[in-house]
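I opened the model today to look up a handful of residues. These are my entries, in the order I made them.

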Amino acid sequence: MRTLKFLLQKEFRQIFRNKSLLPVIFAMPIIQLLVMPLAADYEVKNINIAIVDHDRSPYSQKLTSKITASGYFRLAGYGHSYKQAYGQIEKDKADLILEIPAEFEKNLVRENKQKLFIAVNAINGTKANLGGAYLGRIIADFNADIRLDWIPPQRFAPMPTIQVASSNWFNPFLDYSFFMVPGILAILVTMVCAYMCSLNIVKEKEVGTIEQINVTPIRKYHFILGKLIPFWVIGMFVFSVGLFIVGRLVYGIVPLGSVALLYSFLALYLVAMLGFGLLISTYADTQQQAMSVVFFFMMIFLLMSGLFTPIDSMPGWAKVIAYGNPVTYFIDVMRMLVLKGSRFSDIKLHFLVITGFALLFNGWAVLNYKKTS
């Protein structure tokens, strides 16, 4: 323990002496947690629409007003030329075109039916799907409104209807920051710990101090614990600041589940990810190599963790990769404990999987380190 104590003192002094490293560890995650949840919003707004109105009747103008007043669409053009509206899509100034045919109102009154043409710019698939769905719903509401105008209430034939009352559990106001903050915090803690741990050990190789340590009586596990424990403590600190200061004071997020259970899982998760950083450092000879490898895996961890895309909607081969990603389980546990208030019985499988990752990464790293020392 005395040897480990001196090693930890040396590591903490080495970390806090590096003035360029401190902002990366402490300031950058907090700034990112303040900015990213505000920008990462799944609700699509301000969709640019160009309306080609060949009718110019009270009904067509009423429909246009209903679309622009919905809050989802921004009128990018209003004319009577489809070619001009298509040019706006080519210039990326419009996302949708709604073409209202000539004699729209007249045919609607006489024949009780009329067709509208909608063209959607599908370069951005999310915007195209949601924009088309929003516009279809607005047109359906408009259709229901004019039907009520035409038919007197006493002659309106009662029709069987099904009323659906929806309730958003665990996030009643569908606030996307509640959904994103726990996931982004998990990603930031992962990046800080994995990056910093791998770079710290490789730096010892570059400056040659690791050779001096190898010829000392310091045991292997002393050296590895001396490298892992400081970043484990830093990871716990960054997580606490993000959850209780930024999450609570800025976004109003209060964990509903057990905080002790959350920290127990975090402690185990950090051991696994620090082992991952240690494993990379045993293979890399320079900091550039380590950063490249960590960046490669971080992109996979980020995009296939379920943070932005539901795992259930991924193809089969992608699900295998997603469930082999330790970040997936941490984000899931964060949302379950912070938003849902789950118990240990709900996340015991997550504990088992992360324990497996911790044993795999650290065991592999220790074995590989013995070979190269």
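Entry 1. Which side chain does the side chain of D53 join through a polar contact of 2.9 Å? I looked it up and found S60. I note here that the model is predicted.

I placed D53 in strand 1, residues 47-53. I then checked its charge pairing: D53 is buried yet has no salt bridge. The nearest side chain of opposite charge belongs to R56, 4.8 Å away. A salt bridge needs the side-chain nitrogen within 4 Å of a carboxyl oxygen, so I do not count R56 as a partner.

Entry 2. I went on to backbone angles. Most residues other than glycine have a negative phi. I wrote down two residues with a positive value.

D92 has phi near 65°. I found D92 in the loop between helix 4 (82-90) and strand 3 (96-100). D92 counts as exposed because its relative accessibility is 58% and the cut-off is over 50%.

E103 has phi near 60°. This residue sits in the loop between strand 3 and helix 5 (104-111). E103 counts as partly exposed, at 41% relative accessibility.

Entry 3. Which residues form a nonpolar patch on the surface? I noted I31, L34, V35, I245, L249 and V250. Together they have about 560 Å² of accessible area. Helix 2 (21-39) and helix 9 (220-250) are the elements that give two or more residues to this patch.

I took I245 as one member to check. I245 is found in helix 9. Its relative accessibility is 46%, so I245 counts as partly exposed.

Entry 4. I ended with L367, in helix 14, residues 344-372. Is L367 buried or exposed? L367 is exposed, with a relative accessible area of 56%. I also looked up its spacing to L279, which is 88 residues apart from L367 along the chain. The C-alpha atoms of L367 and L279 are separated by 9.5 Å.

Terms used. Residues are numbered from 1 along each chain as its sequence is written. This is a predicted model: local features need pLDDT of at least 70, side-chain atom pairs count only at pLDDT 80 or more; totals for chains, interfaces and linings use all residues. Side-chain values use heavy atoms; hydrogens and water are left out. Patches are made of residues with over 30% relative accessible area and no salt bridge: like charges are joined within 9 Å, nonpolar side chains (Val, Leu, Ile, Met, Phe, Trp, Tyr) within 5 Å. Accessible areas come from the Shrake-Rupley method with a 1.4 Å probe; for residues, only the protein chains shown count as cover. Helices (H or I, at least four residues) and strands (E, at least two) are DSSP runs, numbered from the N terminus. Buried means under 20% relative accessible area, exposed over 50%, partly exposed in between (1.4 Å probe, protein chains only). Lys and Arg count as positive and Asp and Glu as negative; His and the chain ends are not counted. A polar contact is a pair of N or O atoms within 3.5 Å; within protein, one must be able to donate a hydrogen and the other to accept it, and residues adjacent in sequence count only if both atoms are side-chain atoms.
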